[in-house]
Amino acid sequence: MKKVMITLTVNDDEYTVATLPNRTLLEVLRDDLNLTGTKEGCGEGICGACTVLLDGLPARSCLLIITEAVGRKITTIEGLSKDGKLDLAQEAFIENHAIQCGFCSSGMILTAYSLLKENPSPTEEDIRFAISGNICRCTGYAKIVEAIKTLSAERR
Amino acid sequence: MRLPPLDIFEPNTKKDALSILDRLAKKTKIIGGGTELTILLKLGLLTPAHLMSLKAIRSLDGIRTTKKEVIIGCSTTLREIGSSSLINLRFKSVAQAARLVAAPPVQNMATIGGNILQDTRCIYRNQSDLFRSGIKRCYKTGGNMCHAAKGARRCFSVYQGDMAPSLISFNSKAKLERKGSHRLVALADLFSGRGEAPFLMQENEMLTEIIIPLPGGRYGSSYEKLRIRKGLDYPLVSVAACFSEKEGGRSDKIRIVIGAAGSGPKIVSEELSFAQSERIPVDDMSRIVEIAASTAEIVDNLSVPAMYRRKMVKVLAKRALEDSFRAMKENN
């Protein structure tokens with residue numbers, strides 16, 4: 001097994017990485033690029049803690065073999081804030097107390113961000129469907145749904 | 001969990017991909033979205049020397065139509081299928097199935113080819129190395145016993161693909177290609193029904209297209225799925241139904257395909273004569289539901305008891321029948 005040289009586009013920056021091919025995007029983000037906002041939970045695509053946006057859509061970085069990420073536009077939680085200012089989605093989660101332990105929050109916020117880009121006025125059903133792949137063991141989801149609703153109202 | 005050592009091929013054309021398969025099929029696994037394969041690699045259930053990615057082959061991606069059929073490329077994502085207005089309009093149960101696979105982030109990555117060709121599962125096999133090291137080898141892992149069905153002479157692992165049942169209910173076909181040739185088979189004939197080796201494909205063949213014939217006359221379809229954790233689980237039982245009216249309404253046909261109730265989809269096909277009625281007659285409903293239940297082959301090898309899954313075959317079959325009948329009535 002030989003290392004391969006790949007170029008990734010993460011948060012609008014290009015990174016050239018020499019990596020073994022048997023690694024996932026999650027491993028490279030955390031270990032090589034030091035973007036540790038993306039979390040490893042179950043490691044088998046169930047919990048959603050590792051969610052990143054691939055070409056704007058939520059995806060499991062723990063299931064994406066690194067070479068499959070080449071040529072895609074990757075957004076991690078670090079990519080949402082601009083010039084030190086948090087994105088509205090991040091602000092809404094803080095203001096609505098939709099974060100407790102915080103382990104699911106990166107994935108949850110990215111999923112909410114993507115949902116609202118695609119559908120600025122989601123119903124509660126749309127919101128619950130969108131976040132159905134992100135498990136939260138603290139909040140019971142009520143505050144999270146509330147935060148996303150507030151955000152959608154603000155954007156309207 | 002880490003991935004085992006492997007190398008990646010990234011062919012740019014279908015021809016190159018088929019050449020690689022021709023030379024190295026025994027050591028190579030094809031990767032579509034990777035949502036299934038990566039887990040099997042991490043668990044050590046697969047240890048190929050090479051993976052072959054199809055992402056650069058654009059001709060394998062997308063939905064197109066001809067006068068008689070709809071053709072879906074093997075690399076088309078479940079999101080594309082679930083949100084396609086054409087699929088929602090003409091093949092409702094196919095779109096429903098795509099939207100019920102795991103959760104949206106998985107649907108954004110997973111492909112129809114990968115979903116159809118997912119291996120069978122069993123609670124005794126789809127576990128960590130540590131778990132498996134503590135139990136005897138079974139039929140699926142090279143031994144000669146079954147942990148789920150004591151005394152069984154074969155493997156009872158379960159086919160839990162969501163897409164195949166609804167596609168089969170529309171009599172879909174699969175295009176299989178290998179270097180220098182291709183063949184078309186009924187999708188239903190792709191399944192061996194054997195848990196040890198669930199697909200009737202040559203090692204050097206690749207599933208490239210799914211072809212759904214456009215039904216004539218009025219028809220309606222529906223897909224029902226049982227799972228405990230909505231948004232995450234594979235089906236514990238599923239039922240796809242396609243109700244079609246034939247010969248100007250003089251006769252009609254129901255095709256029910258049951259998923260997660262055996263090592264391949266189970267098919268029930270019945271000729272009927274109540275399309276002109278407003279409701280499905282109670283006797284006909286009971287008869288079809290009983291046939292569906294007797295066709296299912298369920299043992300205790302998933303996360304809920306077999307008895308519950310057997311009961312739910314009837315419940316889901318009834319719901320799918322009613323929904324597909326209603327959809328047919330609305331489809332003028």
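**Close-ups of a predicted model**

**View 1. Helices H2(A) and H3(A) make a right-handed crossing.** This is a predicted model, and we start in chain A. H2(A) covers residues 88–95, and its axis comes within 9 Å of that of H3(A), with the two crossing at roughly 125°. That angle makes H2(A) oblique to H3(A). If you want to find the spot where they touch, look for Ala89(A), Gln90(A) and Phe93(A) on the H2(A) side. Across from them, H3(A) brings in Met108(A), Ile109(A), Ala112(A) and Tyr113(A). Sorted by class, this contact has six nonpolar residues, one polar residue and no charged ones.

**View 2. Helices H10(B) and H11(B) pack with their axes 9 Å apart.** Now over to chain B, where H10(B) spans residues 282–295 and H11(B) spans residues 306–330. The angle between them is about 130°, which makes H10(B) oblique to H11(B). The crossing here is right-handed. From H10(B), the residues in the contact are Met285(B), Ile288(B), Val289(B), Glu290(B), Ala292(B) and Ala293(B). H11(B) answers with Val313(B), Lys314(B), Ala317(B), Lys318(B), Leu321(B) and Glu322(B). By class, you get eight nonpolar and four charged residues in this contact, and no polar ones.

**View 3. The second largest pocket holds about 970 Å³ of space.** A total of 33 residues line this pocket, and those closest to its centre are Asp126(A), Phe129(A), Ala130(A), Ser132(A) and Pro104(B). Which helix gives the most to the lining? That is H4(A), with five residues. Several elements each supply at least two residues of the lining: in chain A, strand S4 (57–60), helix H3 (105–118) and helix H4 (124–130), and in chain B, helix H3 (78–83) and helix H6 (104–107). H3(A), by the way, is also the partner of H2(A) in the crossing of View 1.

**View 4. The largest cavity has a volume of about 80 Å³.** How many cavities of 30 Å³ or more turn up in this model? The count comes to one. For this cavity, look in chain B for Cys122(B), Cys138(B), Cys146(B), Cys155(B) and Phe156(B), which lie nearest its centre among the 13 residues of the lining. The lining of the cavity divides into nine nonpolar, two polar and two charged residues.

Terms used
Residues are numbered from 1 along each chain as its sequence is written. Chains are lettered from A and ligands numbered from 1 in the order in which they are written. This is a predicted model: local features need pLDDT of at least 70, side-chain atom pairs count only at pLDDT 80 or more; totals for chains, interfaces and linings use all residues. Side-chain values use heavy atoms; hydrogens and water are left out. On a 1 Å grid over the protein atoms alone, a cavity is a set of points where a 1.4 Å probe fits but cannot get out, and a pocket is an open set with protein on both sides within 12 Å along at least five of seven lines; lining residues have an atom within 4 Å of a point. Grid points are joined across faces, edges and corners, and a volume is the space filled by probe spheres set on the points. Ala, Val, Leu, Ile, Met, Phe, Trp, Tyr, Cys and Pro count as nonpolar, Asp, Glu, Lys and Arg as charged, and the others, Gly among them, as polar. Helices (H or I, at least four residues) and strands (E, at least two) are DSSP runs, numbered from the N terminus. Axes are lines fitted to C-alpha atoms, for helices over the stretch in contact, and angles run from 0 to 180 degrees between N-to-C directions. Angles under 35 degrees count as roughly parallel, over 145 as roughly antiparallel, 65 to 115 as roughly perpendicular and the rest as oblique. A crossing is left-handed if the near helix is turned anticlockwise from the far one by less than a right angle, and right-handed if clockwise. Contact means heavy atoms within 4.5 Å.
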